[in-house]
Structures are given as structure tokens and as C-alpha cells.
Amino acid sequence: MDGQVKVAVIYYSATGITYQMARSAVEAAEEAGAEVRLRKVRELAPDEAIRSNSGWQAHRLETQDVMEAEPDDLSWADVVIMGSPTRYGMVAAQLKQFIDTTGPLWANGALADKVYTGFTSTATSHGGQEATLLSLYTVFYHWGGIVVTPGYTDPSQFVAGNPYGASHTSNNGEVAPDHVALAATALTAKRAVLTGAAFKRGMVG
């Protein structure tokens with residue numbers, strides 16, 4: 001069996017906030033020795049809505065070469081890291097639509113016994129960060145996944161303050177993820193990779 005952990009970082013981002021966090025997850029996973037796929041989910045918003053927001057339009061052009069996620073990315077991965085901005089305390093419709101295509105994999109048990117974790121961002125403080133992560137993890141529980149969180153396992157987490165996953169407050173997209181949010185994202189990814197590696201070696205499970 002190939003000992004290298006395979007990681008799929010699957011995200012949705014409108015103006016680039018969660019994309020920056022996704023990049024941090026990719027870098028951390030690669031530093032931990034994993035093979036990584038970065039995938040965005042398909043955009044559902046109409047072109048006129050995207051063009052009406054300069055940040056949204058600019059980010060679409062910036063990431064036009066990022067491949068779109070497919071169910072095969074979940075089959076391939078040992079570890080899945082999902083990221084999304086918050087929509088009323090839940091993930092964005094774009095990520096939910098991708099999740100809703102996974103029924104055949106779930107029915108065949110192909111999503112079980114993988115390591116899962118997540119990250120999110122909100123426009124304002126108390127905007128639903130923890131609720132979004134917990135609602136995302138409910139999906140992973142249905143899949144039979146192993147959910148790994150950052151917890152308070154590093155001194156930086158006492159600054160970040162979210163034990164459920166990495167999160168950031170963007171002030172309506174005006175504030176890019178700072179070193180605290182990016183460090184929390186990196187820690188989340190590294191813990192997921194290390195757990196995935198231990199699981200592959202038969203040390204857990």
C-alpha cells in the first residue's frame with residue numbers, strides 16, 4: 001500500500017477569503033508529506049451577479065485554472081478538508097450542491113473511514129463560524145468519517161479560539177485572513193494529515 005497520504009482540499013470562495021485559507025491548508029498538508037489536490041466547487045451564481053461585484057469577478061479570473069471538484073476526488077483521498085464561507089450558519093449552496101452529488105459513493109461505503117475536517121469564514125463576528133463547521137461535520141458523520149479538529153492542541157489556538165476548525169472574520173470580504181487564521185488552518189490540515197497517516201499505518205481505528 002502506498003504510504004503517502006492523499007489529501008483533497010475542496011472549497012468554495014466568492015471573493016477569495018476561503019481560497020486563501022485553502023491555500024494555507026494545501027501548503028501545510030504538503031509540508032506534512034501529503035500528496036494534495038486543490039479543488040474548487042462549481043459556481044452556481046449567475047454571471048451578472050458575479051460581474052456586479054468587482055472582488056467576485058476578480059477572484060473568478062484569479063482562480064480560473066483551479067480544477068473543479070469531482071466525486072472522484074473524494075474516492076481518491078484519504079483525507080478531505082472542506083472550506084466554505086458561512087451562509088446562515090451553514091455552508092454555501094455551492095459546496096452543498098457538490099456534497100449532494102455524493103449519494104452513490106456514500107451508498108457504496110466509499111466515503112467511510114476517511115479523515116475529514118473543515119474551515120470557514122464569516123462577514124462579521126459571531127456570524128456562524130462554529131455552527132457552519134458543526135453542520136458540515138454532520139455530513140461527515142453520515143459518511144462514517146473520522147472528524148479531526150484543531151482543538152486546543154497548540155498555544156496559537158488560545159488566540160484563534162475556535163476548537164472546531166479554522167475560521168476568520170472578513171468584515172464583508174474587506175479583511176484577508178491574518179496570521180492567526182492561516183496558522184489555525186495550517187494546524188487543522190497538519191492534524192488531519194497526521195491522523196490520516198496513522199490510520200493508514202493501522203495505528204488507529
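1. Tyr11 has Gly83 of β3 as its bridge partner. Tyr11 belongs to strand β1 (residues 6-11), which runs parallel to β3 and is joined to β3 by five bridges. Strands here are DSSP E runs of at least two residues, helices are H or I runs of at least four, both numbered from the N terminus; two strands pair if DSSP finds at least two bridges between them.

2. This is a predicted model, in which local features need pLDDT of at least 70 and side-chain atom pairs pLDDT 80 or more, while totals for chains, interfaces and linings use all residues. Residues are numbered from 1 along each chain as its sequence is written, and side-chain values use heavy atoms, without hydrogens and water.

3. Gly83 also has a bridge partner in β5, namely Phe119. Seven bridges join β3 to β5 (residues 115-122), and the two run parallel.

4. β4 (residues 90-91) pairs with β3 in the antiparallel sense over two bridges, with Val91 as the partner of Thr86. The two strands form a hairpin with two residues between them, and Tyr88 in the turn has a positive phi of about 55 degrees.

5. Of the nine residues of β3 (79-87), eight are buried (under 20% relative accessible area, 1.4 Å probe, protein chains only).

6. Elsewhere, the axes of helix α1 (residues 17-31) and helix α9 (residues 179-200) come within 8 Å and cross at roughly 45 degrees (lines fitted to C-alpha atoms over the stretch in contact, angles from 0 to 180 degrees between N-to-C directions).

Conventions
Buried < 20%, exposed > 50% of the residue type's maximum accessible area, 1.4 Å probe, protein only.
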